[in-house]
Amino acid sequence: ELIEECGSVSRLCQIGTTTPCAMAIGATGKVDNAYEVARIIGQELRSTGFNLNLAPVLDVCTISGSANGNRLFSSDPQEVAAFGRAYLRGLSEEGMLATAKHFPGHGDTNVDSHFALPVVNKQREAIEKTELVSFRSAIEAGVHAIMSAHVVYPALDPSGVPATVSRLILTDLLRETLDFQGLILSDGMEMQAVMDLYGIEEGCLRAMQAGVDICLVCHSPMQARMVCDYVFKAVKEGVMSEEDLLTHDARIRTLKACLLPPKGGKEQFGSAGQKKISEVIMKEAVRILNAPDGAPLPRPGRNTVFFGTPGRRSIGACDAEELNAAKLLSQHFGGTYLTLDEARTSRAQEAVIIFSRHEDVDQVLDAYAWFMENGAAVTAVALSDPSPLDELDDDSWHVCAYQYDTLSLKTLVQLLESGE
């Protein structure tokens with residue numbers, strides 16, 4: 001198994017195909033684009049020996065700045081469901097099994113469960129009409145596995161525990177009410193949302209008691225062994241029943257019986273055709289969100305300064321090269337690259353400013369404000385979801401390119417050159 005979502009969450013991008021992220025795919029409005037991207041991912045995964053993908057993300061982006069950002073297809077539950085079904089179909093046609101995540105949803109919070117425990121305070125009726133729509137759709141489409149969210153939903157479980165360790169959510173709601181009979185996996189159990197509450201061994205035990213069949217312990221073989229010993233001891237001492245353990249085992253065996261052997265080779269890995277599909281979809285996605293009085297996007301040149309969010313890994317989930325988008329753009333257009341300190345004192349009248357969800361975004365906002373106060377023509381580009389652009393002035397151009405990598409940069413250059 002492997003997590004190969006699309007876009008910024010990829011393990012194979014440096015040797016295979018960099019694909020558009022879910023939000024970019026959603027921005028095209030074309031459901032078939034999710035199918036095409038999933039086919040590429042399925043081909044590359046199966047040709048390298050994988051047969052279960054821990055994707056797609058079916059969370060609904062109900063707030064700006066959602067923790068899962070550009071990993072989300074849409075803010076519309078029905079659109080998420082449609083793109084999700086297309087993604088599932090694309091993987092399935094390539095012989096890959098899929099995992100819908102993060103149940104019951106991780107889109108309505110800006111708290112990242114890798115680092116803290118999110119709480120979603122919504123009424124059950126609202127959850128039914130929003131978060132659960134895409135998961136119902138995936139279950140109806142025959143998805144083989146669902147991953148839990150380390151998120152508290154008080155309306156679904158008043159005890160206040162994360163969904164991963166909630167029997168009310170995973171067994172009563174997912175298994176019984178939604179009639180999901182496939183495999184339930186946890187999100188990574190080393191994440192702080194559960195580690196801070198229980199530690200890894202007790203967290204895994206509680207997750208299995210709640211209904212999780214496989215707990216993901218991904219970073220340490222020693223920790224994985226400690227969890228196994230802890231669970232076996234719990235069964236021996238009667239804390240967890242042997243019957244429950246055997247039920248989990250049966251579901252795992254059922255899924256394993258559906259797995260297919262590797263297929264394909266180099267021709268299905270990073271091919272020119274696969275890359276072309278990704279480029280076409282990305283070009284459909286990248287767009288101008290705001291133009292002052294409808295004015296055309298200014299073409300950068302030698303009088304343009306470039307600065308913004310500093311060098312950043314091109315794909316966050318893999319060991320990719322460091323990218324500095326502003327520096328690369330300045331080299332392409334013959335302008336001047338500025339550090340953030342230099343930008344805050346510059347008198348240039350033309351600027352392209354790079355934004356992303358990076359810890360330095362506040363400094364970039366300060367420099368943006370300086371240029372706007374000085375009457376400069378500013379093009380602000382989000383190499384992420386568009387949330388960093390939310391507070392910007394309407395007197396600047398706003399462009400969303402969705403992800404911080406060479407695929408989006410290539411498309412952005414084409415847009416800046418053409419102005420449309």
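A salt bridge, as I use the term in these notes, is a side-chain nitrogen of Lys or Arg within 4 Å of a carboxyl oxygen of Asp or Glu. The model I am reading is a predicted one, and in it I find 19 salt bridges.

**Entry on salt bridges.** I looked up Lys 30 and found it paired with Glu 284, with 3.1 Å between the closest N and O atoms. This pair links distant parts of the chain, since Lys 30 sits in the loop between α1 and α2 while Glu 284 belongs to helix α11, 254 residues apart. Lys 30 is partly exposed at 41% relative accessibility, and Glu 284 is also partly exposed, at 28%.

I then turned to helix α9, which holds both Asp 229 and Arg 225, four residues apart or about one turn of the helix; their side chains meet in a salt bridge of 3.8 Å, N to O.

Asp 385 forms a salt bridge with Arg 357, the closest N and O atoms being 2.8 Å apart. Asp 385 lies in the loop between β11 and β12, and Arg 357 in the loop between β10 and α14. I note that Asp 385 is buried at 5% relative accessibility, whereas Arg 357 is partly exposed at 35%.

**Entry on cysteines.** How many disulfides are there? I count zero. For Cys 6 the closest cysteine sulfur, in Cys 21, is 6.7 Å away, which is too far for a bond because a disulfide needs the sulfur atoms within 2.5 Å. Cys 400 is in no disulfide either, with the sulfur of Cys 21 at 8.0 Å as its nearest.

**Entry on the surface.** I found a negative patch formed by Asp 293, Asp 393, Asp 394 and Asp 395, of which Asp 394 is exposed at 57% relative accessible area.

Terms used: Residues numbered from 1 in each chain as written. Predicted model: local features only at pLDDT ≥ 70, side-chain atom pairs only at ≥ 80, totals over all residues. Heavy atoms only, no water. Patch = residues over 30% accessible without salt bridge, like charges linked within 9 Å, V, L, I, M, F, W, Y side chains within 5 Å. Areas by Shrake-Rupley, 256 points an atom, 1.4 Å probe, with all protein chains shown as cover. Lys, Arg positive; Asp, Glu negative; His and termini not counted. Charge placed at Lys NZ, Arg CZ, Asp CG, Glu CD. Buried < 20%, exposed > 50% of the residue type's maximum accessible area, 1.4 Å probe, protein only. Helix = DSSP H or I, 4+ residues; strand = E, 2+ residues; numbered from the N terminus.
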